[in-house]
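Subject: Structure for your review

Dear colleague,

Please find the structure below, handed over for your further work. A summary of the findings follows it.

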Amino acid sequence: MFILSLTYVKSNDEADRHMDPHMAWVKEGYARGWFLASGRKVPRTGGAILAIGDRAAIEAYVAADPFAIHGVAEYEITEIAVTTTAEGLEILKR
């Protein structure tokens, strides 16, 4: 499992200008079966995505995010070896 933590390096106004293509990118991540949950940080300084899959593929996909392409946000990718979950969340152990 991966935590994809993105931090805005440009203003929220600039992030808003790229939000529609970014959200299309997010939806595609769900369609590919890689993304499990996502949302904004509070306060709004970026966002986070819980993902599963091959690290190289996830890294390549992150590089294709419109936020990354346009320098709106920087990503930190943290891999977690999940060993224990609540019932129903076993998919996180992949």
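A polar contact here is a pair of N or O atoms within 3.5 Å; within protein, one atom must be able to donate a hydrogen and the other to accept it. Please note that the model is predicted.

The side chain of Glu 14 makes a polar contact with the side chain of Arg 17, at 2.8 Å. Is Glu 14 buried or exposed? Glu 14 counts as buried because its relative accessibility is 18%, and the cut-off for buried is under 20%.

The sheet is the next topic. It is open and consists of four strands in the order S2-S3-S1-S4, with antiparallel pairing. Strand S2 (35-40) and strand S4 (73-79) form the edges, each pairing on one side only. From one strand to the next, the twist averages 15 degrees.

Within this sheet, strand S1 (residues 2-8) and S4 run antiparallel and are joined by seven bridges. Leu 6, for instance, has Tyr 75 in S4 as its bridge partner.

Helix H2 (residues 19-31) lies across S1, S2, strand S3 (46-51) and S4, and H2 runs at about 155 degrees to S2.

Kind regards

Conventions. Residues are numbered from 1 along each chain as its sequence is written. This is a predicted model: local features need pLDDT of at least 70, side-chain atom pairs count only at pLDDT 80 or more; totals for chains, interfaces and linings use all residues. Side-chain values use heavy atoms; hydrogens and water are left out. Two strands pair if DSSP finds at least two bridges between them. Helices (H or I, at least four residues) and strands (E, at least two) are DSSP runs, numbered from the N terminus. Axes are lines fitted to C-alpha atoms, for helices over the stretch in contact, and angles run from 0 to 180 degrees between N-to-C directions. Contact means heavy atoms within 4.5 Å. Buried means under 20% relative accessible area, exposed over 50%, partly exposed in between (1.4 Å probe, protein chains only).
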